[in-house]
Amino acid sequence: MKKILLTFFALSLVLSSCEFGEGFEEMNIDPNKASQLDVSNKFASAILKTSGGRYENWRASLIYQSTMIQHLSSTAGYWSGDKYFRSDQYANALWDRYYPDVIKEIEDIRAQLTSEGNSGSEMGMLRILRVFAFTRLTDIYGDIPYSEAGQGYINGILKPKYDAQQDIYMDMLKELEAAVAQIGASTTMGSSDLIFQGNTTKWKAWGNSMMLRLAMRLTKADSATAKAWAEKAVAAGTMTSNDHIAMVQHTDGPAGINKNGHGEVWQADGNARMSKTFMDWMSDDPRLTVLAQRTSDGSTAVADLIGMPNGSDGNSIPDNSIYASLNDDLKGVDVPMVFHSYAEVRLLKAEMAFRGWSVPGDAKTHYEAGVKAAMQMLGSIYPKTAAITDAQVADYLAAKPYDAAKGWEMISEQYWAATLLNEYESFNNWRRTGYPTLTPVNYDGNVTGGTIPRRLIYPVSEQNTNGDNYGAAVARQGADNFTTRIWWDK
Amino acid sequence: MKTKLFNFLSSFVLLFAFGFSVQAQSISGTVTDDNGVPLPGATVLVEGTSNGVSTDFDGNYSINASSGDTLVFSFVGYTTQSVVAGSSATVNVSLQPDNALSEVVVTALGVKRNVKAVGYSITQVDGEELSSNKSTNAINSLQGKVAGVVVTGSAMGAKGSSRVVIRGASSLNGNNQPLYVIDGITINNDNLGAAGMWGGTDYGDGISSINPDDIESVSVLKGGAAAALYGSRASNGVILINTKSGAGAKGIGVEYNTTMQFDILNNSLVDVQTMYGQGRDGVHTTGFANRTFDSWGGKLDGSMKEQFDGVSRPYSYTGDNQDKFYRVGETYTNTISVSTANENSNTRFSATNLDNKDVTPNSSLKRNSFSVNNSNKFGDKISVDVNMKYVLEDQVGNPQMADGPGNSNWPARYFANSLDISTMTGEDGMGALADGTEFGTSENIYLTNPWWSAYKFINSSKKERFIGAVNARYDVTDYLYLRGRLGGDRYSYRKTNSTPYGTRFQPLGSINEQSRNFKQYDADAFIGTDNLQIVDDLSLTAFVGIGTNYQNMEMVSVSGGDFIVPFLINVKNTKNQSTGYNSWEKQIESVYGSAEFGFQDWAYLTVTARNDWFSTLSLKDKESPNNDLYTSASLSLVLSDVIDLGDTVSFLKLRGGYSQVAGGADSPYALSLSYGIYGQGHLGASLGTITGSTIPNSEITPFEKNETEFGFDLRMFDNKLSIDATYYDNETLGDIVGVSASQTSGYGAALANLGNISNKGIELLIKGEIMKTDDFAWNASINYTNNTSKVVATNDAGGNISIGNPRDLETGINVTHIVGEQWGALYGNSYERDSQGRIVHIMQGDIPVPKIGGKKILGFGVAPESIGLGSTFRYKDFNASILVEGKMGGSFYSGTNNWYKVYGLHKDTVPAGGREAGFTPDGVMEDGTVITTSIPMSKQEDYWSQTLNIGEENVGSADYMRLRQLSIGYNLPSSMLEGSFITNASVSLIGRNLLLLSNSSDNVDPESSYAAGNAVGLERAGLPVPRTIGLNINLKF
């Protein structure tokens, strides 16, 4: 026994001389990752992700919004927006990508800039981008997590509350005002600023233009507030030319993130056609041959450019190649993604003037400038697209002069035409103004009773992971379906 | 520390193997049973003295004795034998069984122990049972054989992973599979890719590369007491696999085994409507955008109708497309082994070639395995065992699962029943048009032509794996030994995936080339004593040791998108190329000990303790511990040895124990947030962001699993009937879970020590020798398990944890952990019902459709009850065995049936009078009036589109009973072999999964789930489980 005890004693001495777990702290640090990055790397990433990948551009922008707004149409059953079908995945796509990618990254950058004590241009630019991203979300879904969103790591908020859209809008407007005010003459984020390449003047103009956009969004819900902020935005200085367009330049690779998300869709999905509604409206428009081509042979002869009715299927249209689809020149993966165009700014100013609000210039001037900008931006955005000349613009305006009697309708229809491929904005403005007057389809199996949807639905996952806040939002806003109107649409 | 420990251990082993000189002033030898199998732990005593030793794990002993002394050899269950020592220094003894209990089981750390001393439940399965009626993944052969062990194969054919869960899942969303230990060395069992919600391909798991013909025995250590000595990784139980050695071979023994097996798809389950063909709204559709996946057309009338390719064919039922698409799978397994043994060493070498052609066209598996096991004695104090395995595996054409574009099973199931899949083979028989691009068969480009998916997509991999172990033992004195072990499992893995040029959803195609290198090392050193008599009647078997496990993975990949030269499949032939690199490492260091006290050979108390340090829980400035100490105690009382229980009871053992096991985080680097640069930048800017979608937690600590178990082992009527019963109750505390976060937080989950799950249940094994004569024998066994799991806590707010959902999000189904409920509820949209339980409908347009009700628990994916009924028969030289296996109490979501309904193939979509007569849903409107509205044929599909939104519609019982195994064999009588060089020959007919005796679901086999992960209970267009029949021939020379 003694021998054994001695042996075990000796062994325990050996063991106690070993230091267990030594070096484990170093081992558990990922050798392939960094513990922090320069903010410029993150800013470029956040901008590209805001422009988005194929996933959400396909589902949210094209499959739902472009068809609901009758820019495009499709016979394919999965193009759910064409016939107002319910597809949870497609309806959730923007939410599924924006919160885990864009919002998380923007909040991370905001926290980093704050901790670095940055209160200058960089913070201002980021705040504008942040408002833009949240606008897309709230305009589609209504009440959304805003003030607490994207802060799972920063503040440990796992279940962000849903803010009322009204509160979100009021805060976003204030954010824009503050953001523009803190942008100086220059920024350290030159090459990582994939929107304006470090041109802070353009950032300020975009900030103010977005203030105008958000203000005008409120004309139905709170006209007085809309007026006040719109006038403030105009006074502060909005975009002044197509040079000011807020857009992200894309390239043809190598990765998906580098490419224009819409462009990736066109590569993969040939089921979209130009909507009859849109083509009919465009029939006397110089943009027609630039925007469309016949699917079967690429012809751009005016007579060959026929739009396909929404609500069609393989039975009603066995051969859909006779219809027009988007012109190949606009379909590249290396074309820019437009966030906000100068044409929109002028058309909203036209509407302000139409409403008699304080804005320099009259409605007709702004209308004509808006139409001209919308037509001529195509040549500057899309390299392969032939420029529309001043003469063509003048001819068009002469044939279709501004008529104050139906000014709002004309302005809004032009807005609709100017926002092709900026489907988020097109859908927003249609819901606000009701123009153009669209005839809904009523296809078997639609979930809206044959009316054009007014919003997209929240992800089912929110009921599981954030049920209380989800419930509160639904109680406040109305049933979580496609027909409930969001606050500014009421 | 790492280097220090490795140096220490390797010098330890080398020292054992080569360093010591041999003392020869003693008598030594081997104690074996009557079959020549070594008996470890047998007692050798010099009569009349207290001078005694026990044999080591190879039955070897060495004792100091003088000539003329009487050596007494004894071992429980064997007749004691005395030998008078002569001049020879070697005395080998063969003990005869005394017809009482003589079972030896392999327990933790490879220690062979008599079953009497084991205070916990352990089940041993003979290797013969795995190899005679084999599955390409050996572990699938455990199905239905071991109470408490649930084995689920994958729905992807021969190459799939298996999910093994012992005594219920103990983690909410971490790893729930057991630790595999082969010849004392832990191996890696990671899934090499698995299918999930978005599809994907299963490339098999680690255990699938183990050759069933090499397996000597499998021991399943179910509880924590059994597992405590393997440490944290054993918290879900341990499956110990011992491979065959050359022990007992006389001269040179050669064995040859060949098996040929044929897999025949069992689609007899599919029972769909064959009255209505392709179309919508009750009429046939033509043109390309013609919904080839809708059987909502008119009544099939044989008239000529234009189809998807513009060709007119009769509008008739064309037969089962799955029958036409799949082929008979073939598997040929050939093993040759050579064994040799002499006094001091034994060696076995084996080589196996497995050649499988899967049921999916163009899918195959080839595997060459080589194994060498060698045991050597150097003198009478040192023994060294070396085990090596080398496996080369080549997989081609692994089918895509679930929703993946390129899943060929989806179209094979769902094409409208007036379409014939064999008209879709295209110009080359592989789904291509004349220009070499995909021959489209649907308006939806993501529904890929199945022939194109099978032949043109590339999902192939090659794996080269080496598993090696050295075990060395040095008997320091007659009561003390030192053992050292070094083991490694490393593999290199090459995988190629390509979406071919010309695929409709990705016209320019893409390719990914990936290479992975994995390494895992284990090292242990321990010192111990066997059967040391401390005082009279009290013996001690004990050891203490240190060990470490180190794992490292490195992955390099090159991807390319958009092929430049069409059909040239090479990653350099792509426009957009990118690279990937990743690596990780993790380590556990441990100190452990065990002591077994034996009293008078009938009462045994075993206590163990272990402390593990985890690198995955280590972080600078961390306040909470990165290590945990845990202990166990178990007691075994062989009452039949001390109390006279009468003649009927031949053996009775009571056992009980309490154990703890702790565990660390599975993944390294989870304690802090990290950032990475991705892509190749954009227009001069670099892109960087947060990596990972789980919120890190710097203060994660080890979780603990505590278990209490009781049981008895009763044998009656001269061991003719045995009953082994166990009750267990375990609870996992502080499970490291990803607490679900709303994705609006920016993350999917937050890491926390918040999970708490309990499992309690019974395990019953009854074996009986029903009849035995010289010519005829019939043995039967029943094993039964009933496990009740309960989610005790999920997070601080008691919220649900969602661990997965089917692609059909509309169903609202999530596999969800809900506090107070069983593990893994299928939680989803229900029907809204009135007070009488009738389904409430609402008008959608002018038809009534069911109203989507609230989310409810619709079932649980894990079956609590399982049963296995086995019988073996022998008549003269013939033998037969049968195994029936069943599971009860579980449910599953059938995505297959959901889509059969949406697409109009399911029989439920044809009302009694036919669709033409209209369909009146059974239920009420919201105001309580009974529905009388008849939905016309043209709108019935809209009704069934609505049921897609109601998960309840397609969640049902997963109960089944199946004829899992059947074999009939014949041993050629030795008289026939006389004069030939063959010493033994047998031939058998074998069958697996031959028959579903009962099945609670329609159209699908409830076993066809697609996930080897925790999201159990989801099925969606998986491959039907095939029937396997085959022939096995075994020759010994």
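At what angle do the axes of helix α4 of chain A and helix α18 of chain A cross? They cross at roughly 35° and come within 9 Å, where axes are lines fitted to C-alpha atoms, for helices over the stretch in contact, and angles run from 0 to 180 degrees between N-to-C directions.

A word on the ground rules: this is a predicted model, in which local features need pLDDT of at least 70 and side-chain atom pairs count only at pLDDT 80 or more, while totals for chains, interfaces and linings use all residues. Residues are numbered from 1 along each chain as its sequence is written, and chains are lettered from A and ligands numbered from 1 in the order in which they are written.

Helices (H or I, at least four residues) and strands (E, at least two) are DSSP runs, numbered from the N terminus.

| Helix | Residues | Contact residues |
|---|---|---|
| α4(A) | 54-68 | A:S61, A:L62, A:Q65, A:S66, A:M68 |
| α18(A) | 423-433 | A:E423, A:Y424, A:F427 |

Turning to chain B, an open sheet of 3 strands runs in the order β51-β49-β54 with mixed pairing; strands pair if DSSP finds at least two bridges between them. β51 (955-957) and β54 (1018-1019) of chain B are at the edges with a single partner strand each, so one side of each has no neighbour in the sheet. β49(B), residues 891-894, pairs with β54(B) in the parallel sense over 2 bridges. B:Y893 has B:L1018 as its bridge partner in β54(B).

Finally, the chains meet: 87 residues of chain B are in contact with 80 residues of chain A.

Methods:
Contact = placed C-beta atoms within 7 Å.
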